[in-house]
Amino acid sequence: MAINLNLLLYIEPQKDPSEKPIIDKLTKRMVAAFRKAKRGVIEYDSCKDGKPFKGFHETFGAGWRGPHTCSCGAQSHCNDYLLPNGEVTNSLCVHYLVYHRDEISEIQLVRVNNLNCGEEDPNEEELNHPKIKEEIKKHNRIASRQKYKEMFETIKS
Ligand SMILES: [Zn+2]
């Protein structure tokens with residue numbers, strides 16, 4: 001689900017992340033462009049309803065929107081990023097291409113393919129592995145096992 005189509009890869013994946021990370025030409029193009037991006041905040045309300053975005057303000061430190069959490073638990077920075085070609089993206093852009101490729105529209109993928117800053121391999125931080133969700137799942141499994149154990153003990157006694 002796209003949050004804002006004017007911006008690049010502002011999406012909210014609904015499905016589980018893919019088991020196998022996709023690191024191809026598109027991912028590498030995104031990495032290279034993202035590394036040259038300026039960190040700041042956009043006037044988010046200015047670009048709703050199909051209007052082109054305006055007002056990118058470079059900031060140091062945290063932005064005003066707070067982190068965005070992907071459905072898999074991966075967290076973004078509190079900023080927007082202005083790419084050299086004028087597109088605006090967020091710090092989960094690489095993560096989305098690697099783990100949620102099937103939920104990105106063809107039009108957005110074409111825009112990624114049009115980035116012309118070269119190709120670079122993603123690092124761990126950019127990949128932002130969906131491990132948090134795995135930890136939550138594991139935690140819940142242990143918690144529910146514990147709960148059943150307690151219930152069983154209660155029934156027995
Ligand atoms: Zn994710």
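How many helices and how many strands does the secondary structure of the protein chain come to? Let's work through that and a few more. Residues are numbered from 1 along each chain as its sequence is written. This is a predicted model, where local features need pLDDT of at least 70, side-chain atom pairs count only at pLDDT 80 or more, and totals for chains, interfaces and linings use all residues.

**Exercise 1. Count the helices and strands, then give their pattern along the protein chain.**

Step 1: Helices (H or I, at least four residues) and strands (E, at least two) are DSSP runs, numbered from the N terminus.

Step 2: count. The chain has five helices and four strands.

Step 3: read along the sequence. The pattern comes out as α-β-β-β-β-α-α-α-α.

**Exercise 2. Work out what share of the protein chain is buried, and what share of its contacts with a separation of 6 or more joins residues 24 or more positions apart.**

Step 1: apply the burial cut-offs. A residue is buried if 20 or more other C-beta atoms lie within 10 Å of its own, exposed if 12 or fewer, and partly exposed in between, with C-beta atoms placed from the backbone. On that basis, 29% of the 157 residues are buried.

Step 2: turn to contacts. Two residues are in contact if their C-beta atoms, placed from the backbone, lie within 7 Å. Of the contacts with a separation of 6 or more, 69% are between residues 24 or more positions apart.

**Exercise 3. Describe how H1 packs against H3.**

Step 1: Two packed helices are described by the angle between their axes and the distance between the axes. Axes are lines fitted to C-alpha atoms, for helices over the stretch in contact, and angles run from 0 to 180 degrees between N-to-C directions.

Step 2: read off the values. H1 (residues 25-34) and H3 (residues 106-113) meet at about 60°, and their axes are 9 Å apart.

Step 3: classify the angle. Under 35 degrees is roughly parallel, over 145 roughly antiparallel, 65 to 115 roughly perpendicular, and the rest oblique. H1 and H3 are therefore oblique to each other.

Step 4: list who touches whom. H1 brings Leu26, Arg29 and Met30, while H3 brings Leu109, Val112 and Asn113.

Step 5: sort by class. Ala, Val, Leu, Ile, Met, Phe, Trp, Tyr, Cys and Pro count as nonpolar, Asp, Glu, Lys and Arg as charged, and the others, Gly among them, as polar. That gives four nonpolar, one polar and one charged residues in the contact of H1 with H3.

**Exercise 4. Find the largest nonpolar core and say which element gives the largest share of it.**

Step 1: define it. A nonpolar core is a set of buried Ala, Val, Leu, Ile, Met, Phe, Trp, Tyr and Cys residues joined through C-beta atoms within 7 Å.

Step 2: size it up. The largest one has 28 residues, and Met30, Phe34 and Val88 are among those with the most contacts inside it.

Step 3: trace the suppliers. H1, strand S3 (80-82) and helix H2 (93-99) each put in at least two residues. The largest share, six residues, is from H2.

Step 4: look at H1 itself. Its buried residues include Met30 and Phe34, and the cover over the buried residues of H1 includes S3, strand S4 (88-90), H2, H3 and H4.

**Exercise 5. Are Lys54 and Leu92 buried or exposed?**

Step 1: take Lys54, in the loop between strand S1 (38-42) and strand S2 (56-58). With 9 C-beta neighbours inside 10 Å, Lys54 is exposed. Leaving out residues up to four places away in sequence, Lys54 touches Glu43 and Ser46.

Step 2: take Leu92, in the loop between S4 and H2. Leu92 has 26 C-beta neighbours inside 10 Å, so it counts as buried. Beyond four places in sequence, its contacts include His68, Cys70 and Asn128.

**Exercise 6. Which backbone angle deserves a look at Leu9 and at Asn128?**

Step 1: check phi. Leu9 has a positive phi of about 60° although it is not a glycine, and Asn128, not a glycine either, has a positive phi of about 50°.

Step 2: Leu9 is in the segment before H1; Asn128 sits in the loop between helix H4 (124-127) and helix H5 (131-156).

Step 3: check burial. Leu9 is buried, with 25 other C-beta atoms within 10 Å, and Asn128 is buried with 22.
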